[in-house]
Amino acid sequence: MTLFEKALRVRENAHAPYSNFKVGAALRTKNGKVFVGCNVENAAYPQGTCAEAGAIAAMVAAGEHRIAEIWIVADSSETVAPCGGCRQKLAEFSSPDMIIVLAGLEGERKRRTLFELLPDSFSDEHLS
Ligand code: THU
(Lines give C-alpha, C1' and ligand atoms only; values in the text may rest on other atoms or scores of the structure.)
Protein backbone atom coordinates (compact mmCIF):
# COMPACT_ATOMS: atom_id res chain seq x y z
CA MET A 1 0.00 0.00 0.00
CA THR A 2 1.14 3.53 -0.72
CA LEU A 3 1.34 6.21 1.98
CA PHE A 4 -1.79 7.75 0.44
CA GLU A 5 -3.71 4.47 0.71
CA LYS A 6 -2.55 3.95 4.30
CA ALA A 7 -3.58 7.48 5.31
CA LEU A 8 -6.93 7.12 3.53
CA ARG A 9 -7.60 3.84 5.31
CA VAL A 10 -6.60 4.92 8.83
CA ARG A 11 -8.69 8.07 8.41
CA GLU A 12 -11.74 5.83 8.60
CA ASN A 13 -10.79 4.98 12.19
CA ALA A 14 -10.65 8.61 13.31
CA HIS A 15 -12.61 9.38 16.46
CA ALA A 16 -14.10 12.75 15.51
CA PRO A 17 -17.64 12.90 16.93
CA TYR A 18 -17.35 16.61 17.83
CA SER A 19 -15.93 18.12 14.65
CA ASN A 20 -17.07 15.35 12.29
CA PHE A 21 -13.79 16.05 10.53
CA LYS A 22 -11.76 12.89 10.03
CA VAL A 23 -8.05 13.10 9.25
CA GLY A 24 -5.57 10.33 8.45
CA ALA A 25 -1.78 10.52 8.35
CA ALA A 26 0.85 8.08 7.15
CA LEU A 27 4.58 8.69 7.43
CA ARG A 28 7.66 6.87 6.21
CA THR A 29 10.86 7.08 8.21
CA LYS A 30 14.34 7.42 6.76
CA ASN A 31 14.76 3.72 7.61
CA GLY A 32 11.77 2.88 5.41
CA LYS A 33 9.29 2.04 8.18
CA VAL A 34 5.70 3.27 7.91
CA PHE A 35 3.44 4.51 10.73
CA VAL A 36 -0.11 5.80 10.65
CA GLY A 37 -2.33 7.92 12.86
CA CYS A 38 -5.80 9.44 12.94
CA ASN A 39 -7.30 12.27 14.95
CA VAL A 40 -8.70 11.23 18.34
CA GLU A 41 -11.08 13.80 19.81
CA ASN A 42 -12.31 14.01 23.39
CA ALA A 43 -15.39 15.36 25.15
CA ALA A 44 -12.93 17.65 26.92
CA TYR A 45 -12.10 19.28 23.58
CA PRO A 46 -8.48 20.41 24.17
CA GLN A 47 -7.51 16.82 24.96
CA GLY A 48 -8.04 15.77 21.36
CA THR A 49 -5.03 14.86 19.28
CA CYS A 50 -4.32 15.32 15.57
CA ALA A 51 -3.65 12.54 13.08
CA GLU A 52 -0.05 13.65 12.69
CA ALA A 53 0.53 13.44 16.45
CA GLY A 54 -0.79 9.86 16.45
CA ALA A 55 1.56 8.81 13.66
CA ILE A 56 4.51 10.47 15.39
CA ALA A 57 3.69 8.74 18.69
CA ALA A 58 3.53 5.33 16.96
CA MET A 59 6.88 6.04 15.27
CA VAL A 60 8.61 7.01 18.49
CA ALA A 61 7.12 4.04 20.35
CA ALA A 62 8.68 1.78 17.71
CA GLY A 63 12.10 3.35 18.25
CA GLU A 64 12.18 5.41 15.04
CA HIS A 65 13.00 9.12 15.02
CA ARG A 66 13.56 10.49 11.51
CA ILE A 67 10.68 11.26 9.14
CA ALA A 68 11.33 11.29 5.37
CA GLU A 69 7.79 11.93 4.14
CA ILE A 70 4.26 12.28 5.50
CA TRP A 71 0.86 12.20 3.76
CA ILE A 72 -2.13 13.88 5.37
CA VAL A 73 -5.61 13.04 4.06
CA ALA A 74 -8.80 14.94 4.82
CA ASP A 75 -12.13 15.51 3.09
CA SER A 76 -12.36 19.25 2.44
CA SER A 77 -12.83 21.58 -0.52
CA GLU A 78 -9.94 23.64 0.89
CA THR A 79 -6.70 21.67 1.06
CA VAL A 80 -5.96 20.77 4.69
CA ALA A 81 -2.50 21.57 6.06
CA PRO A 82 -1.12 20.62 9.48
CA CYS A 83 -1.88 22.96 12.39
CA GLY A 84 0.94 24.99 13.90
CA GLY A 85 1.43 22.58 16.77
CA CYS A 86 1.80 19.63 14.41
CA ARG A 87 4.27 21.53 12.25
CA GLN A 88 6.38 21.98 15.37
CA LYS A 89 5.95 18.30 16.31
CA LEU A 90 7.03 17.23 12.82
CA ALA A 91 10.07 19.53 12.97
CA GLU A 92 11.34 17.67 16.04
CA PHE A 93 11.85 14.54 13.90
CA SER A 94 12.56 16.00 10.45
CA SER A 95 15.03 17.96 8.42
CA PRO A 96 13.86 21.10 6.58
CA ASP A 97 13.57 19.16 3.28
CA MET A 98 11.11 16.59 4.67
CA ILE A 99 8.17 16.16 2.29
CA ILE A 100 4.62 16.90 3.46
CA VAL A 101 1.92 15.84 1.00
CA LEU A 102 -1.54 17.34 1.50
CA ALA A 103 -4.25 15.14 0.04
CA GLY A 104 -7.98 14.94 -0.42
CA LEU A 105 -9.88 11.68 -0.71
CA GLU A 106 -9.05 11.62 -4.42
CA GLY A 107 -5.28 11.91 -3.90
CA GLU A 108 -2.45 14.43 -3.79
CA ARG A 109 -3.28 18.14 -3.90
CA LYS A 110 -0.17 19.98 -2.69
CA ARG A 111 3.39 19.00 -1.88
CA ARG A 112 5.45 21.09 0.53
CA THR A 113 8.71 20.82 2.41
CA LEU A 114 8.74 21.26 6.16
CA PHE A 115 10.76 24.43 5.62
CA GLU A 116 8.00 25.87 3.42
CA LEU A 117 5.43 25.29 6.16
CA LEU A 118 7.65 26.20 9.13
CA PRO A 119 10.58 28.50 8.34
CA ASP A 120 12.68 29.93 11.20
CA SER A 121 11.45 27.25 13.58
CA PHE A 122 12.40 26.79 17.20
CA SER A 123 14.54 23.70 17.79
CA ASP A 124 16.89 21.97 20.18
CA GLU A 125 19.70 24.11 18.75
CA HIS A 126 18.23 27.07 20.63
CA LEU A 127 18.47 25.23 23.93
CA SER A 128 22.23 24.78 23.96
N1 THU B 1 -6.84 17.77 12.48
C2 THU B 1 -5.87 16.84 12.28
O3 THU B 1 -5.92 15.74 12.82
N4 THU B 1 -4.83 17.16 11.45
C5 THU B 1 -4.74 18.31 10.73
O6 THU B 1 -3.77 18.48 9.98
C7 THU B 1 -5.79 19.33 10.85
C8 THU B 1 -6.80 19.10 11.91
C9 THU B 1 -7.99 17.40 13.32
C10 THU B 1 -8.05 18.00 14.69
C11 THU B 1 -9.53 17.89 14.99
O12 THU B 1 -9.81 16.59 15.51
C13 THU B 1 -10.20 18.02 13.66
O14 THU B 1 -9.19 17.78 12.68
C15 THU B 1 -10.83 19.37 13.41
O16 THU B 1 -9.94 20.40 13.68
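Predicted model: local features only at pLDDT ≥ 70, side-chain atom pairs only at ≥ 80, totals over all residues.
Glu-52 lies in helix α2, which spans residues 51–61. When neighbours within four places in sequence are set aside, the residues in contact with Glu-52 are Ala-25, Ile-70, Ile-72, Pro-82 and Cys-86. Thr-29 stands 23 residues from Glu-52 in sequence, and their C-alpha atoms are 13 Å apart in space.

Burial in α2 extends beyond this glutamate: Ala-51, Glu-52, Ala-53, Ala-55, Ile-56 and Met-59 are buried. The cover over the buried residues of α2 includes strands β1 (23–29), β2 (34–38) and β3, together with helix α3.

The packing of α2 on α3 was examined next. Two packed helices are described by the angle between their axes and the distance between the axes. The axes of α2 and α3, the latter comprising residues 84–92, approach within 9 Å and cross at roughly 20°. Because angles under 35 degrees are classed as roughly parallel, α2 is roughly parallel to α3. The crossing by which α2 passes α3 is left-handed. On the α2 side, the contact is formed by Glu-52, Ala-53 and Ile-56, which meet Cys-86, Lys-89 and Leu-90 of α3. By class, the residues of this contact comprise four nonpolar and two charged residues, with no polar ones. An α-helix has 3.6 residues a turn, so residues three or four places apart point the same way.

Just after the helix, Gly-63 adopts a positive phi of about 90°. Glu-64 is located in the loop that connects α2 to β3 (67–74). The relative accessibility of Glu-64 is 7%, under the 20% limit, and this residue therefore counts as buried. Two polar contacts involve the side chain of Glu-64: one reaches the side chain of Thr-29 at 2.8 Å, and another joins the side chain of Asn-31 at 3.2 Å. Apart from neighbours within four places in sequence, Glu-64 is in contact with Thr-29, Asn-31, Lys-33, Phe-35 and Met-59.

Terms used:
Residues numbered from 1 in each chain as written. Heavy atoms only, no water. Axes fitted to C-alpha atoms, helices over the stretch in contact; angles between N-to-C directions. Helix = DSSP H or I, 4+ residues; strand = E, 2+ residues; numbered from the N terminus. Parallel < 35°, antiparallel > 145°, perpendicular 65-115°, else oblique. Left-handed = near helix turned anticlockwise from the far one by under 90°. Contact = heavy atoms within 4.5 Å. Nonpolar A, V, L, I, M, F, W, Y, C, P; charged D, E, K, R; others polar. Buried < 20%, exposed > 50% of the residue type's maximum accessible area, 1.4 Å probe, protein only. Polar contact = N/O pair within 3.5 Å; in protein donor to acceptor, adjacent residues only side chain to side chain.
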